[in-house]
Amino acid sequence: EQFIDNFIEQSNMEHHRLYELLQTYFKSRVALTSAEKDIEKQLGQYATYHPLLWKIEQKQITSTAKCREGNKVSHSHSHKYAIFNPEAAIKVNTALKCTRQILQEELCLKSYFSQLARIHVEDYLFKLLHGHVPCFQQLNENSPVTGWIPQCPPGHLDANTAHIR
């Protein structure tokens, strides 16, 4: 019977507040990672098409004429000539617009929700520990995290840990 009770108790973990908060945080982090990958994909497309935007060629002009003395004179001048690629410009424009849209509409919102979910988890754990464990009630919010609490002797937290679980 104890095994069955433990199994039923563990199967109800999905309805536990901490479990729900952690699930929300996990889903928000997955969504944030997905938005970051979408931005990387768009920036990759931009990097692919940006070098194709302008094609630079070397041109040379040679001119031949006769001088006043009647001698034949020639002169060559070389310069760079740029050719604009409108198809690449359309693809670069599309990639940058998609990147801007993902940044403005998705990444900011998903980042906000991810941070908010993390704060909810931290707040829940802080309230849980401050409410049930007497040693933690004396600690400040900004206390350093250590593995040893001087006010609590070893083994003192076992009952509190069982209560929290």
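The legends below describe close-up views of a predicted model. In this predicted model, local features need pLDDT of at least 70 and side-chain atom pairs count only at pLDDT 80 or more, whereas totals for chains, interfaces and linings use all residues. Residues are numbered from 1 along each chain as its sequence is written, and side-chain values use heavy atoms, with hydrogens and water left out.

**View 1. The chain and its order of elements.** The chain has 5 helices and 2 strands, taken as DSSP runs (helices H or I of at least four residues, strands E of at least two) and numbered from the N terminus. Read from the N terminus on, these elements follow the order α-α-β-β-α-α-α. Of the 165 residues in the chain, 13% are buried, where buried means under 20% relative accessible area, exposed means over 50% and partly exposed lies in between (1.4 Å probe, protein chains only). Among contacts (heavy atoms within 4.5 Å) between residues at least 6 apart in sequence, 63% join residues at least 24 apart.

View 2. H2 has 33 residues and reaches 48 Å from its first C-alpha to its last, close to the 48 Å expected at 1.5 Å a residue, the expected span being 1.5 Å times one less than the number of residues. Leu21, Ser28, Leu32, Ala35, Ile39 and Gln42 are buried in this helix. Gln42, which lies in H2 (residues 17–49), counts as buried because its relative accessibility is 12%. Residues up to four places away in sequence aside, Gln42 touches Ala95, Cys98, Thr99 and Ile102. Gln101, in helix H3 (residues 86–132), is 62 residues from Ile39 in sequence, while their C-alpha atoms are 9.5 Å apart in space.

View 3. Strand S1 (residues 54–66) includes Trp54, and 13 bridges join S1 to strand S2 (residues 72–84), the two running antiparallel; strands are taken to pair if DSSP finds at least two bridges between them. The hairpin that S1 and S2 form has 5 residues between the strands, and Gly70 in the turn has a positive phi of about 95°. Trp54 has Phe84 as its bridge partner in S2. Trp54, Ile56 and Phe84 together form a nonpolar surface patch with about 350 Å² of accessible area.

View 4. Glu57, for which the relative accessible area is 26%, forms one of them with Lys55, the closest N and O atoms being 3.6 Å apart. The salt bridge between Glu122 and Arg118 has its closest N and O atoms 3.2 Å apart, and these two residues are separated by about one helical turn because they are 4 residues apart in helix H3. Lys127 forms a salt bridge with Asp123, again with 3.2 Å between the closest N and O atoms. Lys127 counts as exposed at 53% relative accessibility, whereas Asp123 counts as partly exposed at 34%.

Definitions and conventions. Patch = residues over 30% accessible without salt bridge, like charges linked within 9 Å, V, L, I, M, F, W, Y side chains within 5 Å. Areas by Shrake-Rupley, 256 points an atom, 1.4 Å probe, with all protein chains shown as cover. Salt bridge = Lys/Arg side-chain N within 4 Å of Asp/Glu carboxyl O.
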